[in-house]
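Hello! Here is the structure I promised to pass on to you. Have a look at it first, and then read my notes below.

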Amino acid sequence: MNPLRRRPASQPGAEVELKVRGLSVRRGKRTVVDGVDLDVRPGEVLTLVGPNGAGKSTLLAAVCGDLESEGEILLDGRPAASWNPVELAMRRAFLTQSHTLAFSFEVEEVVRMGRAPWAGTSREDEDDEAVAQAMRDTDVLGFAERAFPSLSGGEQARVALARVLAQRTPVVLLDEPTAALDIRHQELVFTVARARAAEGRAVVAVVHDLGLAAAHSDRVAVLADGRLAACGRPEDVLTAPLLSEVYSHPIEVVPHPRDGRPLILPLR
Amino acid sequence: MRGAALIAGLTGALVLLCLLAAGSGQVDIPPSEVLGSLLHRLGIDAGPLPTAAQGENALWVVRFPRVVLAAATGAALGCAGALMQGVFGNPLAEPGVIGVSSGAAVGAAAVIVLGLTGLGGWTVVGLAFVCGFATTLLVYVVSRSNGRTEVVTLLLTGIAVNAVSTALLGLLLFMSSNDALRAITSWQLGSLAGATWDSVAVVAPLTVVGCVVACGYARKLDLLALGERSARHLGVDVERLRLSGIVLIALLTSAAVAFSGIISFVGLVVPHLIRMVTGPGHRVLLPASALGGAALLVAADLVARTALDYQELPLGVLTSVVGGPFFFWLLRRTRARSGGWG
């Protein structure tokens with residue numbers, strides 16, 4: 001048996017880094033992601049923003065190995081491709097944009113699927129607690145026994161997020177976790193993301209709402225035309241000139257009267 | 001809990017049905033005597049022996065191989081159906097519906113018509129497996145897009161595959177002698193009339209191995225319901241699971257088809273009913289579908305050979321008469337849920 005198999009992704013709380021160097025994705029002749037360098041650090045929330053078609057989801061999918069790409073992806077000190085599927089699943093979790101389910105499993109069964117990578121390891125003992133915490137954090141306990149397909153879009157999105165959180169990986173990648181959610185649950189998702197980052201995990205999220213990105217990220221990466229236009233602290237990156245250019249629409253940024261965080265508004 | 005109760009219940013039902021089926025026919029033997037005869041053969045002196053003339057012979061030469069073959073075939077069909085639905089991520093996938101059964105049947109018929117004997121008693125099942133595997137792979141590759149199979153594409157592919165297989169079967173019929181013709185026709189309708197211990201010796205081990213291995217994939221099949229990407233991010237080697245699944249489906253289908261012909265809809269109806277009782281988790285679904293399929297086919301075969309005096313209804317016709325409308329209902333329900341398809 002391969003000695004690396006079942007090698008646990010370090011102990012609970014240990015830190016894992018994700019580094020991306022010169023990542024490019026081509027679709028046919030078009031270059032959708034073009035030479036992106038990105039460091040995802042333990043203990044921080046990094047958001048990816050940018051206009052439609054900028055390559056945010058493509059970048060995230062390529063980082064996860066769902067798409068063919070050129071360049072280097074290092075996870076926990078080794079090329080991501082050198083880990084086997086279980087080892088990868090112990091290190092990083094990924095929330096996709098669409099949440100389909102072929103059969104009508106109940107909500108709790110779906111969340112429990114997130115524990116699959118840990119089956120047969122010492123961390124299997126956390127299963128019940130991890131599932132319970134993830135369901136509490138995402139506010140899905142109220143319909144734990146309902147069938148997943150019978151839920152509304154926003155409810156399904158939260159269940160899918162709960163499944164990803166239950167996986168308890170050091171790196172958490174979320175593709176538009178707030179897309180289908182109301183304002184309360186949008187805030188809830190980022191509160192949870194912040195809490196997970198505070199535990200030493202690295203959280204990456206694609207978001208469209210610049211206000212959410214400004215309020216909750218440690219760093220923001222702005223993508224435009226497949227390139228990284230800027231990456232840094234929200235107050236440094238989310239500036240009116242940069243955003244106006246990237247989004248091709250005049251945008252003003254004003255400091256919040258109470259805490260000074262940037263408020264981002266289109267000029268109307 | 002519910003799963004364990006269901007499996008226990010199905011096992012009990014299967015045993016009772018087997019005793020009943022073995023006792024029914026032109027020579028009636030009460031279940032207690034059937035049980036007695038079985039126990040005596042196992043070296044346990046308990047229960048009464050068959051009192052009817054030729055009772056012991058009727059049981060051991062004709063009835064038992066037939067009942068065992070029915071149970072094995074039904075188990076293979078039920079398990080293959082549940083497995084196929086899991087691998088395809090589509091509740092309408094079934095070996096009969098999408099043409100895998102008829103693909104495997106072409107292989108089996110070729111052996112009968114051309115008189116091939118390369119692998120001895122295993123020749124029929126061997127070629128059925130090769131053809132079944134090729135068909136499953138073809139349907140799988142053709143009907144997928146973006147990591148899932150669409151219902152419409154799947155069914156249309158099934159029509160195309162069935163058309164080609166039927167044509168090839170027709171060609172084989174055209175080439176065959178009168179004796180082979182009759183054999184193939186009754187076999188094409190699906191029948192267990194030719195059951196012997198020799199056929200049981202081939203089908204039963206394949207079914208048992210297939211079902212046991214399939215149950216080992218239960219957890220991964222659950223994850224596959226989330227779609228390929230999400231399953232992969234939970235540590236499933238999707239490519240490998242898919243290939244193993246297809247090999248198993250072909251194995252189980254060819255075991256079922258080789259001696260009893262095309263019996264459709266068992267793999268569709270049984271897993272669906274089980275899901276309604278215990279939910280879609282494959283750890284219960286796979287074994288329960290095997291048991292349920294076995295019970296259903298033993299019962300169906302009993303009806304097929306006792307409903308008319310001195311005549312047998314073709315088993316495949318019987319299952320299709322019941323299964324066809326069920327499939328239609330399922331189709332309408334799926335369509336209503338997904339908001340119609342063009």
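**What I found**

In chain A, four strands make up an open sheet, in the order β2-β1-β4-β5, with antiparallel pairing. Strands (E, at least two residues) and helices (H or I, at least four residues) are DSSP runs, numbered from the N terminus, and two strands pair if DSSP finds at least two bridges between them. At the edges of the sheet in chain A stand β2 (30-40) and β5 (78-79); each has a single partner strand, so one side of each has no neighbour in the sheet.

A word on the source: this is a predicted model, in which local features need pLDDT of at least 70 and side-chain atom pairs count only at pLDDT 80 or more, while totals for chains, interfaces and linings use all residues. Residues are numbered from 1 along each chain as its sequence is written, and chains are lettered from A and ligands numbered from 1 in the order in which they are written.

Back to the sheet: β1 (residues 18-27) and β4 (residues 70-75) of chain A run antiparallel and are joined by five bridges. Here K19(A) sits opposite L74(A) of β4(A).

Now for the two chains: 20 residues of chain A are in contact with 21 residues of chain B (C-beta atoms, placed from the backbone, within 7 Å). On the side of chain A that touches chain B, α2 (85-91), β6 (92-95) and α3 (107-113) of chain A each give two or more residues. α2(A) gives the most, with three residues.

Enjoy exploring!
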